[in-house]
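Trainee: I would like to go through this chain with you, from its overall dimensions down to one strand. Can we look at it together?

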Amino acid sequence: MRPNVSVRRLAGAVAAAVLGLGLFLSPALADAGFERWIASFRQTAADNGISRTTYDRAFRGIDSVDPEVLEKARYQPEFTAPVWDYFDNRVHEQSVEVGRAMARKYKGTLDKIEARFGVDRHIILAIWSMESNYGEILKNDKVMRNVVRSLATLAYADKKRAKFARTQLIAALKILQRGDIDESHLTGSWAGAMGHTQFIPTSYQLYAVDFDGNGRRDIWNSVPDALATAANLLRKNGWQAGKTWGYEVELPDGRKFPNGSLTLSKWQSLGVTRANGKGFKNGGDKAELKAPDGRSGPAFLATKNFFVLKAYNNADKYALAVGLLADELAGYGGLVRDWNRPFTKLSFAEKQELQERLSVHGYYDGKFDGKIGEGSKTAIKAFQAQAGLTPDGHPSMEVLARLRQR
């Protein structure tokens, strides 16, 4: 059931992408056009200091666009996921357990990173989790792709991203030419984000660090280089050593609050208190109120470091997920007030069980990874519809209980 849906969806998306590019006449014409583009881009590369030898090495064996890159570039989510969905897939028991294990394994490295860059180790570990699942994504050949081919594909065939891709491609070629990595290991996401901490090539050029001292800035194979590079980005964007990213807070009923930044002391005078009952440190520091799930959900006062985290990914949800995961890694505990879910939440292990039971009954063909993506939601909806439940796709205890009865 599920495999056929996936195949049809992927085939349709790829076909639409190719048709949209006007390259549907024949594969030979498509490849010929791309090869002409590669030949013409050589001069642009040369104008930016890329040698003929480097260019030839980078493009050896690349003679066609990557259709999966185009499919991913054109994919538009069918709906905006609710806020709890984003956090449930990123801040959970496994991400905390593995992160604490990594903290022990790389203690010496993290000690040195904190001393040099002033960035808390738990923040760095949380970024590592968010970006590559502590490096696990680098082992997935379905996700990791040839960076040169991916960026050349976008530069040639995606008008919306062409300028970005050309800039990133030149930067990637400079990385290769400098010798930090060889062409066979210059891999990344479909959009060119690279290594354990997922840096695009231009950001790599700005912030990459050779922290293990071997003469190469290798964020693909050296965990010390990758984590130090993330810390360097935060430091250079204004990270305040020894200070938090923010606080979970409780809001008094019925009071309206001003927009913008106020000191923590001022927020406290307006009746805003820490959710755990403790006082605010550094009352003169300024913070902004964030309530991504509305007044009835958890609320936060975001300080300077929260906005520094957005230099990594300019989204409130991203910065908040990093901060919340870092707090749990440090042993500060989870949220006092949970997200507003219209169902009973499952543990991470229970989500894996849910996926496994859906698979046994023919609804799901993905990994039992506890992450509820589109494949899992589609499977849940199919089961709910068959079982006479509302097909909302929620990974609920109600659905798992019904599956356990089968």
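This is a predicted model: local features need pLDDT of at least 70, side-chain atom pairs count only at pLDDT 80 or more; totals for chains, interfaces and linings use all residues.

Mentor: Residues are numbered from 1 along each chain as its sequence is written, and side-chain values use heavy atoms, with hydrogens and water left out.

Trainee: What radius of gyration does the chain have, and why does it agree with a compact globule?

Mentor: The radius is taken over C-alpha atoms, and the globule rule is 2.2 Å times the number of residues to the power 0.38. For 406 residues a compact globule would come near 22 Å, so the value for the chain agrees: 24 Å.

Trainee: Which percentage of the residues of the chain count as buried?

Mentor: Buried means under 20% relative accessible area, exposed over 50%, and partly exposed in between, with a 1.4 Å probe and protein chains only. Of the 406 residues, the buried share is 47%.

Trainee: In which order do the five strands of the open sheet lie?

Mentor: Helices (H or I, at least four residues) and strands (E, at least two) are DSSP runs, numbered from the N terminus; the chain has 18 helices and seven strands. Two strands pair if DSSP finds at least two bridges between them. Strand 4 (261-263) and strand 5 (273-274) are the edges, each pairing on one side only. The pairing is antiparallel, and the order is 4-6-7-3-5.

Trainee: Which residue of strand 6 is the bridge partner of Thr263?

Mentor: Strand 4 and strand 6 are antiparallel and share three bridges. In strand 6, the partner of Thr263 is Lys286.

Trainee: Which residue in strand 7 is the bridge partner of Lys290?

Mentor: Strand 6 (residues 286-290) also pairs with strand 7, antiparallel and over three bridges. The strand 7 partner of Lys290 is Phe300.

Trainee: Which residue of strand 7 does Gly246 stand opposite?

Mentor: Strand 3 (residues 246-250) runs antiparallel to strand 7, and four bridges join them. Opposite Gly246 stands Ala302.

Trainee: Are the residues of strand 7 that point either way buried or exposed?

Mentor: In a regular strand the side chains alternate between the two faces of the sheet. In strand 7 (residues 299-302), Ala299 and Leu301 point one way, while Phe300 and Ala302 point the other way. For all of these residues the answer is buried.
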